[in-house]
Amino acid sequence: MGMSVTISAAAEQDAEQIFRLQYLCFQSEAALYGNYRIDPLVQSLDSVREEVAGDCVFVARLGDEIVGSVHGRITEDGAAVIGKLCVHPRLQGHGIGARLLRAAESALAGERGARTFRLHAGHRSESNLRLYSRVGYQRVGTSQGTDGVPMIVLEKDAETYATTA
């Protein structure tokens, strides 16, 4: 008998598992860009703890194991910036990323008043870009990550999250 993956808000005690999961999941992104200094790989455990305590962080659990996570926060302009979406490599392609994204969108719009959702994806990250397009995000520009990786900026209206959920 198999277990179901559940999505829930992250708790303080989840920070270490999120930290380790990010490190595992973002290895493929680092390899794609030949840059092992990308933000999720150099983030400190204390910084992850601060995000879990103060921001909107959701996890996907398979039993007691955290197999996915996503981070969101509201910016001064009322936009919700969503990032660090990751799913354990052995479970990718099963809709967990989309479920995490919907949970973050719902909380950021419903509880924190987000008007717009904004994501940044590496320009070579085709599977991520396909997911974001599939759930209603549109390309609105480009930026340079603090780690030097060229990024594509995607957005969608917070009012539309319910129609793509």
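This is a predicted model: local features need pLDDT of at least 70, side-chain atom pairs count only at pLDDT 80 or more; totals for chains, interfaces and linings use all residues.

A: The UniProt record, an unreviewed entry, lists residues 5-159 for "domain: N-acetyltransferase". That span is 36% helix and 34% strand, and its end C-alpha atoms are 27 Å apart.

The largest nonpolar core holds 32 residues, and F117, Y132 and Y137 have the most contacts inside it. Two or more residues come from each of β2 (56-62), β3 (65-74), β4 (79-87), α5 (96-110), β5 (116-122), α6 (126-134) and β7 (150-157). Of these, α5 is the biggest giver, with nine residues in the core.

Leaving aside residues up to four places away in sequence, Y137 touches I82, L101, E105, F117, R118, L119, Y132, L154, E155 and K156.

C25 leads us to the cysteines. C25 is buried, with a relative accessible area of 7%, and C56 is buried too, at 5%. A disulfide needs two cysteine sulfur atoms within 2.5 Å. The closest cysteine sulfur to that of C25 is in C86, 4.1 Å away, so it is too far for a bond. For C56 the closest cysteine sulfur is also in C86, but at 15 Å, again too far for a bond. By this rule, the count of disulfides is zero.

Terms used. Residues are numbered from 1 along each chain as its sequence is written. Side-chain values use heavy atoms; hydrogens and water are left out. UniProt positions are given in the numbering used here, feature names are shortened, and annotations may be inferred rather than shown by experiment. Helices (H or I, at least four residues) and strands (E, at least two) are DSSP runs, numbered from the N terminus. Buried means under 20% relative accessible area, exposed over 50%, partly exposed in between (1.4 Å probe, protein chains only). A nonpolar core is a set of buried Ala, Val, Leu, Ile, Met, Phe, Trp, Tyr and Cys residues joined through side-chain atoms within 4.5 Å. Contact means heavy atoms within 4.5 Å.
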